[in-house]
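User: I have a chain open here and want to go through it with you. Can we start with how far to trust the model, then look at some parts of it?

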Amino acid sequence: MMCGERVARRCAVHFRRTAILVTLCVACAASKEVVRPAPAAANAPESVPEAAAGEPSLSPEATFHFVRASLLLERGDAAGASEAVREAMIFDHRSALLNALLSTALLRTGDHAGALQAAERAVQLNGKSVEAHAARSAALWEAGRPQDAEPALRLVLQPAPERPVEAARLMELLIRRNDVDGARKVSHAHVTASADSDEALAVLPHVCRKLAAWECAALALEDAVKKAPASAELCRMRAGVLQTRGRFAAAADAWSICVALEPGDEAAEAALIS
């Protein structure tokens with residue numbers, strides 16, 4: 001099993017693992033080799049504590065299979081990941097985190113019923129687990145039940161407003177019911193929790209454009225470029241929305257700014273000439 005530094009970092013950050021998980025991931029990234037479970041050191045903890053309140057610690061054996069499943073999922077092997085999670089569950093079958101990961105893996109194989117069942121079990125095991133509610137919201141969303149997913153999305157974002165997928169989905173639900181102000185509040189919380197990053201600032205404009213809510217997109221982009229005036233991506237998005245809305249003079253001015261921000265941007269230069 002090959003794994004890279006990016007995968008190791010995602011393992012450590014996304015799942016907020018502690019010493020054993022971080023060691024496994026970093027070792028895999030550094031060696032480019034298969035990571036095998038090692039005997040526990042005399043002073044090593046007997047298990048890896050979970051970040052979520054009320055979640056029992058994973059045993060070292062379950063942690064190994066958890067990391068393996070995460071890496072397989074990163075590589076696109078959802079079937080292999082689901083099998084690896086099931087192996088982990090032999091050691092810790094009452095882990096909400098493992099059930100949530102199983103739900104994610106099953107969802108990617110197309111097993112919507114199995115994914116929802118695993119997510120429901122994760123929530124039952126630990127109603128405070130962000131990963132459990134995230135898995136349930138994803139299973140419901142992919143099953144074509146977005147309205148049913150809304151409570152789960154809110155339970156994810158209340159403690160973790162920085163999560164982009166859940167934030168975007170809740171924004172979409174709100175805009176579809178014409179609650180643009182509600183979507184902007186979700187966006188504000190997401191952007192604040194994400195330290196005003198360009199990626200976070202782009203979420204609401206992307207959702208508005210997806211729904212052809214051009215006024216919403218324009219307002220969101222006006223706010224975004226004020227916070228990140230040096231972002232070429234946000235500049236291009238704003239110029240494109242202005243052009244779509246038929247505001248050609250304003251769009252030309254915006255494309256000029258984009259070219260100045262990123263000289264050599266052929267798409268921006270072509271749009272400016274046209």
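User: What is the mean pLDDT of the chain, and what share of residues reach 70 or more?
Analyst: The mean pLDDT (the predictor's confidence in each residue, from 0 to 100) is 85, and 80% of the residues reach 70 or more. This is a predicted model, in which local features need pLDDT of at least 70, side-chain atom pairs count only at pLDDT 80 or more, and totals for chains, interfaces and linings use all residues. Residues are numbered from 1 along each chain as its sequence is written, and side-chain values use heavy atoms, with hydrogens and water left out.

User: Where does pLDDT stay under 50?
Analyst: Over residues 1-51. The model has 80 contacts beyond four places in sequence for that stretch, a contact being heavy atoms within 4.5 Å.

User: OK. How many helices and strands?
Analyst: The chain has 15 helices and zero strands. Both are DSSP runs numbered from the N terminus: helices are H or I with at least four residues, strands are E with at least two.

User: And how much of the chain is buried?
Analyst: Buried residues make up 46% of the 274 residues. Buried means under 20% relative accessible area, exposed over 50%, and partly exposed in between, with a 1.4 Å probe and protein chains only.

User: What share of contacts is between residues 24 or more positions apart?
Analyst: Among contacts with a separation of 6 or more, 53%.

User: Switching to H6 and H7. How do their axes cross?
Analyst: H6 covers residues 112-125 and H7 covers residues 130-142; their axes come within 8 Å and cross at roughly 155°. Axes are lines fitted to C-alpha atoms, for helices over the stretch in contact, and angles run from 0 to 180 degrees between N-to-C directions. H6 and H7 are therefore roughly antiparallel, the label for angles over 145 degrees; under 35 is roughly parallel, 65 to 115 roughly perpendicular, and the rest oblique.

User: Which residues meet there?
Analyst: From H6, His112, Ala115, Leu116, Ala119, Glu120, Ala122 and Val123; from H7, Ala132, His133, Ala135, Arg136, Ala139, Leu140 and Glu142. They divide into nine nonpolar, two polar and three charged. Nonpolar covers Ala, Val, Leu, Ile, Met, Phe, Trp, Tyr, Cys and Pro, charged covers Asp, Glu, Lys and Arg, and the others, Gly among them, are polar.

User: Now Ser95. Buried or exposed?
Analyst: Ser95 counts as buried because its relative accessibility is 2%. Ser95 sits in the loop between H4 (78-91) and H5 (96-109). Leaving out residues up to four places away in sequence, Ser95 touches Glu55, Leu58 and Leu125.

User: What about Ser187, where is that?
Analyst: In helix H10, residues 180-193. Ser187 has 8% relative accessibility, so it counts as buried. Beyond four places in sequence, Ser187 touches Met171 and Leu204.

User: Back to H4. What does Arg86 touch?
Analyst: Arg86, which lies in H4, touches Leu102 and Leu106, not counting residues up to four places away in sequence. At 40% relative accessibility, Arg86 counts as partly exposed. His65 is 21 residues from Arg86 in sequence, with 8.6 Å between their C-alpha atoms.

User: Last one, Glu269. Which helix?
Analyst: H15, residues 266-273. Glu269 is partly exposed, with a relative accessible area of 32%. Glu269 touches Val259 and Gly264, again leaving out residues up to four places away in sequence. Ser256 is 13 residues from Glu269 along the chain, and their C-alpha atoms are separated by 8.0 Å.
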